[in-house]
Amino acid sequence: MKKVSIATFKFTSCNGCQLQVVNVDEKLFELLDNVEFKFFPLIKSDNIIGEFDVTLVEGSITTPEEVKVIKKVRELSKVLVAIGACSTAGGIQALRNWVKVDEFKRYVYPNPEWIKALDKASPISDYVKVDYELRGCPISGSQLLYFLSQLLRGKGPILPIDSVCMECKRKGNLCVLVAKGIPCLGPVTMAGCGAICPTYGRGCYGCFGPMRDPRPNALAMRFKEMGLSIKDIELLFKQFTGWSKPFKELLNTLGVEK
Amino acid sequence: MSGSIEVRIDYLTRVEGEGTLYLKLSDGNVERVEVGISEPTRFFEALLRGRKYYEAPDITSRICGICPLAYVMSACRAMEKLLGIRVPDEVRLLRKIAYLGEWISSHALHVTLLHAPDFLGFNSAFDMMEKYSHIVKAGLRVKWWGDKVIEVIGGRAIHPISFRVGGFYRIIKKEKLEKLLSNLEAIKKDAKLLLEWVLKLPIPGFKRDLEFISLRNGKEYPILEGRVVSNKGLDIDESEFERYIQVEQTPYSNSLRYRVKGRGSYIVGPIARFNNNYDLLKDEVKDIIESHGMGRRLINSFQSIVARAAEVYHAVLEIVSLIHEYSEPRQPYVEGELREGEASAITEAPRGMLYHRYRINADGTISDANIIPPTSQNLAAIEDDLKVIGAELSKLSFEEAKRGAEQIIRNYDPCISCSVHAIKIVK
């Protein structure tokens, strides 16, 4: 069987999602029997630019240069997979999307005029067609492996659509929101992490982004009833996936001054 | 090779993040060195303003996918100083276990997949599989065990979620930690094999005059705290750090560099910790190093691979002792008292000292932040290395010179995402 060629490209991000590719334990060696990493600069020096069967894209688009590169990457890729919160929702750097990027430049840089940055940090799908999205900050290594194995077998990969609550219940956790009064984004957040935050005694902070049809307004109302201020609610939703459409829409209606 | 030669690398490989290198050699002299940073900025310090003090560990951990826990640790310690919190011994111990897990994960990755291929002339560890599969596999098994250590304590290895200012969100059960010891003998064997193998690599032995800066507390090999010391007489408290270093702007590069005021470039990281704290390494580690004829002082950046492999084996042994020592705390975290103020903290990230400074308002909102990651501190030293060693490169063929130059950068295990996402850049 011909090996499936894989490429990984990094845009604005921390490298954590790409690293999950080698964090899949001994199964990595099985994977290597079936795939060839043609372009993976984090790991190898002899990278080849050409057609790729599957391209994993990490990071959000934040500079004019990255816009050019992602368009080229799309042309070269049969299947393009956005991996992680940055590439699917803009990531933590998208917090700048609510302010003027020039102010950020002036705060951080002595010579702001030399910094090339777009006004917004955007998900990949704002620029090119994305075939699949793996969520999470970072993505789950086991989900990545499962996804690739389905793809290698020619199946249409199945990814979660429901909330962290489903995973949390299956684990038999006591609900942190209902029983302990801890604000938790689990009810609106996409499953896939294994409900780790509630399992470790804290509320979910939404790093897998919104589930399908999340209705975050209802959860925000609940937080208000619990006594959270508008500011606190804003901080909860405005984190690693705050720029995703459903959370952004909620944030725009919360009524806090920007 | 004589005359003039230009080495230009548009995308450094086997490093974390996006960087470039430009090196101009003529007649055996280095005319120009530019280690460029093409990684886009993420404005971390700017976006921290207006966030709450308790969010700093989770937010700053996103600066780096290889050493997120380092950011969690420096942020937690700075905030705890601000809030007047002294964490219980059990909490400290648990943090140390997880942090050592991150050292193992980061170092084993670098030694095995990123750095080792350089010494043997390979392009990647994939290519090493035919001849050295037992080493690659041993290195990766140790790395995965390090990940497992973080995962058990932190919920997941990358961007772990159980840590908070004051301690942990929940008590971590001792029995969970003990499960990590189930394949201990195999892991110890792998870590030892990796160190012994590294010690046999053809590592250049020339001597360079370098300043090594790390933490030291005299009680244990430093990780969570200590005084800032160097082999050239530096010995200061972490809160004084910014006064002793100077920021340098260069017209040809887009990143600030740091130098010791009145002296020059310096090295942080495993090699600095090793040299400043060799006495505190586990005896088993020292025995292996000395039996291979390597001294207690590493003398050039190529030898950093020895320090990394030594720290991996040390960390495995240390984690085992700490797990035996651990007893569950009565409460997972302690609360502090919210007050306006400013504080800084340094911990030892896998790549070296990571400095965080925060100012918060009386309601706990962050009003100012400064983060100095290890890689930006090493940038000046990397360029100095290229200037000195570059002259040797001009005797080689173009391809060899290119490889050599790239290897010098790799010696430092640069984390370019860290360096760019958290420093003030000039161009």
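## Basis of the values

A residue is called buried when its relative accessible area is under 20%, exposed when over 50%, and partly exposed in between, with a 1.4 Å probe and protein chains only. By that definition, 68% of the 427 residues of chain B are buried.

The model is predicted: local features need pLDDT of at least 70, side-chain atom pairs count only at pLDDT 80 or more, and totals for chains, interfaces and linings use all residues. Residues are numbered from 1 along each chain as its sequence is written, chains are lettered from A and ligands numbered from 1 in the order in which they are written, and side-chain values use heavy atoms, leaving out hydrogens and water.

## Chain B

Chain B contains 14 helices and 13 strands; helices (H or I, at least four residues) and strands (E, at least two) are DSSP runs, numbered from the N terminus. With a radius of gyration of 21 Å, close to the 22 Å that the globule rule gives for 427 residues, chain B is therefore as compact as a globular protein of that length. The radius is taken over C-alpha atoms, and the rule is 2.2 Å times the number of residues to the power 0.38. Along the principal axes, the C-alpha atoms of chain B fill a box of roughly 70 × 50 × 35 Å.

Of the contacts (heavy atoms within 4.5 Å) in chain B between residues at least 6 apart in sequence, 71% join residues at least 24 apart. Chain B carries 60 positive and 59 negative side chains, and the centres of the two sets are 1 Å apart. Here Lys and Arg count as positive and Asp and Glu as negative, without His and the chain ends; each charge is placed at NZ of Lys, CZ of Arg, CG of Asp or CD of Glu.

## Chain A

Chain A has 12 helices and 5 strands. Its radius of gyration is 19 Å, close to the 18 Å from the globule rule for 258 residues, so chain A is as compact as a globular protein of that length. Buried residues make up 62% of those 258. In chain A there are 35 positive and 27 negative side chains, with the centres of the two sets 3 Å apart.

## Helix 3 of chain A

Helix 3 of chain A (residues 64-76) has 13 residues and spans 19 Å from first to last C-alpha, close to the 18 Å expected at 1.5 Å a residue; the expected span is 1.5 Å times one less than the number of residues.

Buried in this helix are A:Glu66, A:Val67, A:Ile70, A:Val73, A:Arg74 and A:Leu76. Their cover includes strand 1 (4-10), strand 3 (52-58) and strand 4 (77-83) of chain A.
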